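Here's a quick tour to read alongside the structure. Take it a topic at a time and find each part in the viewer as you go.

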Amino acid sequence: MNPYASRKYVIGGIIILAGIIFLVRLFLIQVVESSYKSTAESNARRIEIQYPARGLIYDRKGEILVYNEAAYDLMVTPGQLQAFDTVDFCRILEIPRSEVIRKIEAARDYSTFKPSIFLRQISSITYAVLQEKLYKFPGFFVQPRTLRKYPGDIAAHALGFVGEVSEEDIEENPYYQMGDYIGVTGIELAYEEELRGNKGRKIYLVDVHNRIKGSYQGGRSDRKAEVGRNVVSTIDAGLQEYGEKLMTKFSGSIVAIEPATGEVLSLVTSPAYEPSLLVGRVRSENFRQLSADTLKPWFNRALMAFYAPGSTFKTVNGVIALQEGVITTASEYYCDLGFHMGGYSVACHMHPSPLDFRGAVQHSCNAYFNYVYRAILIDPKFESTAEAYMNWREHVLSFGFGHYLQSDFENELTGFVPDDQYYNNIYGEGHWNFLTVRSLSIGQGELGITPLQMANLAATLANRGFYYTPHVVKEIEGQDQIDARFLERHYTSVDSIHFAAVADGMEGAVNRSGGTSWRARIADITVCGKTGTAENPHGEDHSIFIAFAPKDKPRIAISVYVENGGFGNIWAAPIAGLMAEKYLTDTISRPYMEEYVLRGVRLDQQ
Amino acid sequence: MRRSINILNNTDWLTVGIYLVLVILGWINIYAAVFDEQHESILDLSQRYGKQLIWIIAAIVLAIAIFLIDTKFYSFFAYIIYALSILLLIGVLLLGEEIHGARSWFQIGSLNLQPSEFTKIATSLALAKYLSSYNLKIKSFQATAWILAIIFSPALLIAIQPDMGSSLVFIAFIIVAYREGFSDVILILGVIMAVLFFLALLLDKLIIFVVIIGLALLVYWMLSRSPKKTFIAAVLIVVPAGLLYLLSRLELIVINSYYIILLAVAVALPFYLIFAYRKRIWNIYLILLLVVGSAAFTFSVDYVFRNVLKEHQQHRVNILLGLESDPLGLGYNVNQSKIAIGSGGFAGKGFLQGTQTKFDFVPEQSTDFIFCTVGEEWGFLGTSIVIGLFLFLLIRLIKIAERQRSDFSRIYGYGVVSILFFHFAVNIGMTIGLLPVIGIPLPFFSYGGSSLWAFTILLFILVRLDATRMELLK
């Protein structure tokens, strides 16, 4: 009937064909291709991190060492900006208009729709003024942050500091994200996981302009932030502050330990810095200045400096010799103003001679301890000097020298006690003997000991033969006890009976006439101490002192290093005495001694 | 009384049913697309979904009204309705409200009416009337001219608004003419022109010219079946073009690259003409005519676009072609649309669970991009059903058209098919990235009173004509 009726099939065919093409295409993008799903999710989700407050740090008496203060970052979302009163805005924030424009441009370069920091850490006063008027500045909002605050501004090296995470931190632990804070040193680093708490998150659905439209999955994937746990440190704030004051004029360190527990009462490193210098907007400038300081205030001498122990080491050699049975406490040696053997001489000072063991410790006789060390190394029990040496070395290591103490200071170092290979490499196997290593008898030579290890020695002597691993945190909120390694006694390889004579000698050194360290003497309490004087290539000898007090049931063990301070009794001994008295009685019975130390001028140089 | 019962008995309820299903699905998806927790009720009249409900009720009223009008009305008044709609289009250009840079709307109170939507109906009627006129020689020059005039006069007026999307819809009427025996040649010409029109704006002229010449050579080869002659013809073009190119590279002459092609064609043209004259091969004239015509058309579209249209109109056209408008780079809209549909997966995210459409990642999500909501929330299942419904409706309408006893009704039926198909194909093709972004609504689905009413009237006139097809004796 109609000549072109067949064309209906062409038309119908085109329609069907279009439909099939659509279905195939839809199948491909909806069912086969999966990338659209994730693109859609990242399109419409905004994850907001809830930052928990970092845990506080208390001293052993409950005084606050570190707390948090609210700070406010002013954020800007360029896409939501509208024209605003820049004059008022600049007046509130005290910044020039050109900076406002520059910062908005910078934010826009980063993202139009995502917020970025406009002004970091504005003060709470500025914030209070700004908050009132914030509605006039659409596109700006304030994000609360917390900053660390230090009421006493002390113990910088023990507490450590926090800083923004590095890229390595992020790579190592996916918990961290760009801009997060993390403990960098000290307690902040060692107890980072406890202190930081756990970040929470809120997932919002956002529209194309990044405006919040509701919560994602009705908030089911949201997580509440867990507040960081508070930590009670073993530091005694009063003692720490006093120690820092005493060290004002000196480079060096004071480490005080409670012998019965291994708790670190104070950790003074000098020169140091005030911890508040590393907080807030002043941080980067101060950081730069501190790094450039030639006195190296960053350097944590208490944990990281290797010093020779000097005469303090005679206590160690003495008890080892007693343990090995190569001497007794009654053994006497002559001192002819020194030790002379095989063309070698080691000088000694004026003191009565001969001396027994106690007297030798009291007078710190160099000759005596050369004989003692010689007796250790020529002990016929051993086939060679090297063998006897390695036996001696084992004893030394049992005092915590030459290896990590495993304290909770992340940056403690091992120190150094050479092994036989060390001397074999220098002199050849079998070609060295007592005379080669005789400096070790009086704590000079190759030994490298950190002040923390020295304080640990003082604690070991106080305990008559054992120590607890030194640690700086005694309680963690929500945790029954601290790490088990701090609750375990470490016995030295020397029996405790041999320590009594050393304690007697150390008592005499401080309290008897003719003792080497009278400046450490305090009223009514028996301080046991031992001076040391470490020769060093950088000028005058280091002044060293270790002590514990009282003699019976000691409550404090101390090591003091004053770099280039000369003989131990000059600076280190009085400082140790003052510290012990301060801690034990909270008074100073000898104000003239305190004044002497604070002036920091030697009597012979006045 | 007897007659009205007769009408209802003969009404194609299947079509009416599909219509209702599509309209309701559209309404639900508009609700989902602009859903706002503060305006939860789908009946909230301050929101688009509430308003759409009013448009739907009004559309059903319109459909019933159409059933009350005698069928003879349409064929009798076809030209008058057409003339009126042309007047409205002129009127809107002079008096219309300018919204988004286009004068497409009459604002009557709070109601915005878009005359171009209704012009489609008028043009369908006029075309049906003309093509069904007694003793029409459809392939005659006069008839061809009239057919093209009826179709493209409103298209031109709409293009001036400018509303390129609605204007392009009129190309669909070529399908109607084709069904009624319109010359294939003109059909092919029409397709070529449509393609060239887009390409002229989308691509560099140089590429277009090269493609045209390549196609011409291909056609010649197929007609002559002589590789040798085709090769010679190619050499005639390539050698002068190559020489000119070399000269310009050596900086001996300064010449725009597409003039190289034009000059090469100009050099080769006399040879072709002489060859064609000698051999008496008329096809060659046709091919040459096509090549020259295409080049001229491309050039003039480009010229008009650059020199006649104002800057903001150029922007409009560019936006319609998807060349502009996006803050995040070329193709942002289509990309977001594909993300929304693609993220739906097989079964979709579920009703009201779509994020891409609701949160404005997809532009125009309740109007031109409503299909994204279907894709995101109902997945491949949903999109297949919607496409299936449209295909079923279109095939059903072809069947209805073919069973008409009057030529007028049949031709009108094809008008309906053509319009619906064009909208369906271009709209969905656009959302899934197969076609450039041309802003036209998805019939029955997209938000908007004017388009819904126009599609309803368009469809129900056919249903009404169909219901009384038996009255006409053959």
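**A first look at both chains**

In chain A, residues 24 or more positions apart account for 71% of the contacts with a separation of 6 or more; two residues are in contact if their C-beta atoms, placed from the backbone, lie within 7 Å. You're looking at a predicted model, where local features need pLDDT of at least 70, side-chain atom pairs count only at pLDDT 80 or more, and totals for chains, interfaces and linings use all residues. Residues are numbered from 1 along each chain as its sequence is written, while chains are lettered from A and ligands numbered from 1 in the order in which they are written.

**The chains in numbers**

- Chain A has 21 helices and 20 strands; helices (H or I, at least four residues) and strands (E, at least two) are DSSP runs, numbered from the N terminus.
- Chain B has 18 helices and three strands.
- Of chain A's 606 residues, 42% count as buried. A residue is buried if 20 or more other C-beta atoms lie within 10 Å of its own, exposed if 12 or fewer, and partly exposed in between, with C-beta atoms placed from the backbone.
- For chain B, with 474 residues, 43% count as buried.
- Among chain B contacts between residues at least 6 apart in sequence, 68% join residues at least 24 apart.

**Strands in chain A**

- Look for an open sheet of three strands in the order β1-β8-β9 of chain A, with antiparallel pairing. Two strands pair if DSSP finds at least two bridges between them.
- Its edge strands are β1 (45-50) and β9 (212-215) of chain A, each of which pairs on one side only.
- From one strand to the next, the twist averages 40°.
- Strand β8 (residues 200-206) of chain A pairs with β9(A) in the antiparallel sense over three bridges, and Tyr204(A) has Ser215(A) in β9(A) as its bridge partner.
- Elsewhere, strand β13 (residues 338-341) of chain A and strand β14 (residues 344-347) of chain A also pair in the antiparallel sense, over four bridges.
- In that pair, Met341(A) stands opposite Tyr344(A) of β14(A).
- The hairpin of β13(A) and β14(A) has two residues between the strands, and Gly342(A) there takes a positive phi near 55°.

**One histidine to find**

- Where is His351(A)? It sits in the loop between β14 and α14 (357-363) of chain A.
- His351(A) counts as partly exposed because it has 18 C-beta neighbours inside 10 Å.
- Leaving aside neighbours within four places in sequence, His351(A) is in contact with His363(A), Cys365(A) and Gly514(A).
- His351(A) and Asp336(A) are 15 residues apart in sequence, and their C-alpha atoms are 9.8 Å apart in space.

**Helix packing in chain B**

- Two packed helices are described by the angle between their axes and the distance between the axes.
- The axes of helix α17 (residues 407-431) of chain B and helix α18 (residues 449-467) of chain B come within 10 Å and cross at roughly 150°. Axes are lines fitted to C-alpha atoms, for helices over the stretch in contact, and angles run from 0 to 180 degrees between N-to-C directions.
- So α17(B) and α18(B) are roughly antiparallel to each other. Angles under 35 degrees count as roughly parallel, over 145 as roughly antiparallel, 65 to 115 as roughly perpendicular and the rest as oblique.
- Ala, Val, Leu, Ile, Met, Phe, Trp, Tyr, Cys and Pro count as nonpolar, Asp, Glu, Lys and Arg as charged, and the others, Gly among them, as polar.
- Helix α3 (residues 48-68) of chain B also meets α18(B): their axes come within 9 Å and cross at roughly 25°.
- α3(B) and α18(B) are therefore roughly parallel to each other.

**Where the chains meet**

- The contact takes 36 residues from chain B and 31 residues from chain A.
- α16(B) gives the most to the side of chain B that touches chain A, with eleven residues.
- By class, that side of chain B has 19 nonpolar, eleven polar and six charged residues.
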